[in-house]
Amino acid sequence: MNTSAIRHRSTADMCYCADSDTAVIRLCTGRDITQAYIICDDPFIHWLRRQESWDGTKHPMTLCMELSEHLIWEYRTKPPYKRLQYYFEVSDGDKSLLVYDNKICDPDIPDNTSKHAFKLPWMNPSDIISPPEWVKDTVWYQIMPDRFCRAGEPDKRYLEWGKFMPPHHGIHGEFYGGDFKGVTERLPYLHKLGINGIYFTPIFLSDSYHRYNTFDYNVIDGVLGSEDDLKELVRQAHSLGIRVMLDGVFNHCGTEFFAWKDVLQKGRDSEYYDWFFINGDDLNQKRFDTADGRYFTFSFVGLMPKLNTNNPEVINYFRDICSRWVREWDIDGIRFDVGDEVSHTFLRELRRTLKPIKPELFLLGEIWLDSLPWLEGDEYDSVMNYPAYDCVNDFNRERGLSSVDFMHSLNACLAMYPEQVTEVLFNFIDTHDTIRVSEECKGDVDLLLQKLSMLFTLPGTPCIYYGTEIALRGREKWENRSCMPWNRIDSGEYDKIFSDVSSLIRLRREYPQLKGISMEFIHYGNNPRILHYLRSDQNAGSKIAVCLNCGSEDFLFTAQGKVLFSRLYDNGIMKPQSTVIYEIGG
């Protein structure tokens, strides 16, 4: 038996409360294990029964996920006294072992040493991870305001709308003049598309169009409009059932931020010196990068000095800033840029401050890898799901990967966090930081719709980048941030793909089966590039099936149910890059 593959800790990914009554226990084993059991009961039950020692009840665990090297077993229970003590028994068919917190031992070999059971001490309601309920019903739309829509007549201060201009320096100053009024004018377009959440990249004063080098967190960039324009945008969005999330750049600031300017002027005598990570006295070098370590920055970008979010003064400053955003502008969420570099102390304080103001406020972290330390209920509600992004892209890029490989990769993502977090993980297939998905698909609309079908039917809350619904192309950085071609959109040029994407969004919003974490895979040994999975919900009487032909040959297939969406599927034949989504039962 591969005992080195057996793993359990009473941490949020393996021992958590799904709600105030339900405890979920997961055990990771090697693939050689054929059955796992949990032996559990209240830790004090022997006192109640007048027994000398504790003795739990044995229950079979369910195999819930299969990974490439491991199996994930699960047991769900409703402890009547809100406590649980437990250990495990695993079997490979020939041999059984007991798994305790401090050892793995053979039950047939006498052993008088201490054996420590695992423990869920108490199901405290305030400790239960509870992201806002509305998020799992949301389809997000990411907008970079400078490039989305400009209201009014052409303005000579800005570049001609849609004319491509590569940047001339590291911090981009190429403004096209997109603004809040332009977004407000296009809210009916977004409502028709079916999205019900907008995620804005930064909107505050800066000298760059992307505004990730913030100069003043209290002042909206005048290019975008006024505070009243933002409030009106939020008001109209809310009237259409659309939530609004702003981007908060708290890891670093721009060089015109008042505290950094004071440090540059006064050096160590500045009262804001400890607001940053400064390692020398010569801060005014003309060198762009900070590889010499004179002060720390975002990456090595000298124009983005890193804020010391451990400093109580910095924490208090941004706590007041964010409170104002929520109170005065009625925003529904904050996305934290470079969310893994700000301090845990900073995030906990912000959460403690902001949630009483608006309990349903959504706090989203930009973290690219496993993020469990930030998702235990006292910091972020969710993170950007880059592991799932890689999973989808890898399967489409690497033709040698099979549906089994995809299942293993996706299950590794699903096993990272408690289910209530997984339901609201921020899924995407492109952003302002990545190659556009249509570019990745080389303009192939069928392949694009396959990937969008995956986005809208996999666990998590989906987000599309502005223009993805019309197959806007562009490589990374400035090339993927082109202006929305409104003249061509209004002429009807993109009506067909817009309609297809809108249909997929409607399915995601209408069917509760697509909003949980359940996944069942069907594999075809002689067609390893057929990706076929089922989604279900305990309150729905039917299942939603998704079948994608990701291979290079036709696939004979009959959808055994009501077809909800299809592409390149006709008379029982799925062409390469075809999609079929259908309902089974109900």
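Predicted model: local features only at pLDDT ≥ 70, side-chain atom pairs only at ≥ 80, totals over all residues.
View 1. Lys 496 is exposed, with a relative accessible area of 53%, where exposed stands for over 50% relative accessible area, buried for under 20% and partly exposed for the range in between, computed with a 1.4 Å probe and protein chains only. Residues are numbered from 1 along each chain as its sequence is written, and side-chain values use heavy atoms, with hydrogens and water left out.

**View 2. The packing of helix H13 on helix H15.** Helix H13 (residues 445–457) and H15 pack at an angle of about 15°, with their axes 10 Å apart; the axes are lines fitted to C-alpha atoms, for helices over the stretch in contact, and angles run from 0 to 180 degrees between N-to-C directions. H13 and H15 are therefore roughly parallel to each other, given that angles under 35 degrees count as roughly parallel, over 145 as roughly antiparallel, 65 to 115 as roughly perpendicular and the rest as oblique. On the H13 side the contact is made by Val 445, Leu 448, Leu 449, Leu 452, Ser 453 and Phe 456, and on the H15 side by Ile 497, Asp 500, Val 501, Leu 504, Ile 505 and Arg 508, contact being defined by heavy atoms within 4.5 Å. The residues of this contact divide into nine nonpolar, one polar and two charged, where Ala, Val, Leu, Ile, Met, Phe, Trp, Tyr, Cys and Pro count as nonpolar, Asp, Glu, Lys and Arg as charged, and the others, Gly among them, as polar.

**View 3. The packing of helix H7 on helix H8.** The axes of helix H7 (residues 312–329) and helix H8 (residues 344–357) come within 10 Å and cross at roughly 30°, which makes H7 roughly parallel to H8. From H7, the residues Val 314, Ile 315, Phe 318, Arg 319, Cys 322, Ser 323, Val 326 and Arg 327 meet Thr 345, Phe 346, Glu 349, Leu 350, Thr 353, Leu 354 and Ile 357 of H8. By class, the contact of H7 with H8 has nine nonpolar, three polar and three charged residues.

View 4. Glu 227 lies in helix H5 (residues 227–239) and Arg 324 in H7, so the pair ties together parts that are 97 residues apart in sequence. Glu 227 is partly exposed at a relative accessible area of 25%, whereas Arg 324 counts as buried at 19%. A further salt bridge joins the side chains of Arg 351 and Asp 381 (3.1 Å, N to O). That pair links distant parts of the chain, 30 residues apart, with Arg 351 in helix H8 and Asp 381 in the loop between strand E17 (362–365) and strand E18 (382–383). Both Arg 351 and Asp 381 are buried.

**View 5. Two loop residues with positive phi.** Most residues other than glycine have a negative phi. Arg 211, however, has phi near 65°, and is placed in the loop between strand E13 (204–205) and strand E14 (216–220). This arginine, Arg 211, is buried, with a relative accessible area of 0%. Asn 571 has phi near 55°, likewise a positive value in a residue other than glycine, and is found in the loop between strand E25 (562–570) and strand E26 (573–585). Asn 571 counts as exposed, at 72% relative accessibility.

**View 6. Asp 262 in helix H6.** Asp 262 has its place in helix H6 (residues 258–266) and counts as buried at 12% relative accessibility. Leaving aside residues up to four places away in sequence, Asp 262 touches Gly 267, Ser 270, Glu 271 and Tyr 272.

Terms used. Helix = DSSP H or I, 4+ residues; strand = E, 2+ residues; numbered from the N terminus. Salt bridge = Lys/Arg side-chain N within 4 Å of Asp/Glu carboxyl O.
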